[in-house]
Amino acid sequence: MKDLHQPSESAPNGSQFLTFNLGEELYGVDILRVQEIKGYTAVTKIPNTPSYIKGVLNLRGTIVPIVELRTKFGMQTIEYTMFTVIIVVVVKEKVMGLVVDAVSDVLDIDKKDVQAPPNFGARINVSFMNGIGKSGDKLVTLLDIDRMLSGEDLQGAAAA
C-alpha cells in the first residue's frame, strides 16, 4: 500500500486531500487524518445505533465503528461494488471508518482555491464543510470530519 503521509513538495501553501466519490459528487478529507484505505468487508451490526452506523470492524485488534456516508448525508443507498472502500480516519483521537463509493485521488489544493461553504440559510446545516475546493475543473466538497462526526456520533459509536 502507498504511504499516504509522504510529504508533497507541491503543497507548501495548501493542503493535500484524499478525494472520494459518493455518487457523482467528489468529497475530500485532509490526508493527515487518513490512517488507511481498505476494501469493504462485512461489519458486525450493533443494535440501537443510528442508521448510518453500519456496525463495527476488528482492525488489527482495534474495534472500529463504521459510518456509511451515503446514509449520513441522506443519500440513497446503493449496492456495494468492487470499488466500495472503507477510509479509516482519526476523529478526535478515535479511529473510525467511512464507507464511500470509491476513492478518487490525492489532490493538492492551494488555500487560494478554497472558498467558504455556501450559505443556504438557517435550515440547511453546512457546518460539516470546511469549504469548496477547486482543482482544475473539479469542485471538491472539503469535509471537516471533526464536525461531521459530532460528539453525539462518537458517543453512539463508542457505546457500540
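Predicted model: local features only at pLDDT ≥ 70, side-chain atom pairs only at ≥ 80, totals over all residues.

Five strands form an open sheet, and their order is β3-β6-β7-β5-β4, with mixed pairing. At the edges stand β3, residues 34-39, and β4, residues 53-59, each of which pairs on one side only. From one strand to the next, the twist averages 30°. Within the sheet, β6 and β7 pair in the antiparallel sense over seven bridges. V85 stands opposite V100 in β7.

In soluble globular proteins, nonpolar side chains tend to be buried together. Here the largest nonpolar core has 22 residues, of which F20, V67, L69, I87 and V89 touch the most other members. At least two residues of this core come from each of β1, β2, β6, β7 and α2. Which element supplies the largest share? That is β6, with four residues. A second, separate core holds eight residues, including L57, V64, I86 and V88.

Apart from neighbours within four places in sequence, V67 is in contact with Y52, I53, K72, M96, G97, L98, V99 and L149.

Next, the charged pairs. The structure holds five salt bridges, and I shall describe three of them.

R33 is partly exposed at 23% relative accessibility, and D146 is partly exposed at 24%.

E36 and R60 form another salt bridge, with 2.3 Å between the closest N and O atoms. E36 is in strand β3 and R60 in the loop between β4 and β5, 24 residues apart. Are these two residues buried or exposed? E36 is buried, with a relative accessible area of 10%, whereas R60 is exposed, at 65%.

R147 pairs with D144, the closest N and O atoms being 2.7 Å apart. R147 is partly exposed at 45% relative accessibility, while D144 is buried at 12%.

Finally, M82 is found in the loop between α1 and β6. M82 is exposed, with a relative accessible area of 73%. Its C-alpha atom is separated by 8.1 Å from that of Y40, 42 residues apart along the chain.

Thank you for your attention.

Note on methods. Residues numbered from 1 in each chain as written. Heavy atoms only, no water. Buried < 20%, exposed > 50% of the residue type's maximum accessible area, 1.4 Å probe, protein only. Core = buried A, V, L, I, M, F, W, Y, C linked by side-chain atoms within 4.5 Å. Contact = heavy atoms within 4.5 Å. Pairing = 2+ DSSP bridges. Axes fitted to C-alpha atoms, helices over the stretch in contact; angles between N-to-C directions. Salt bridge = Lys/Arg side-chain N within 4 Å of Asp/Glu carboxyl O.
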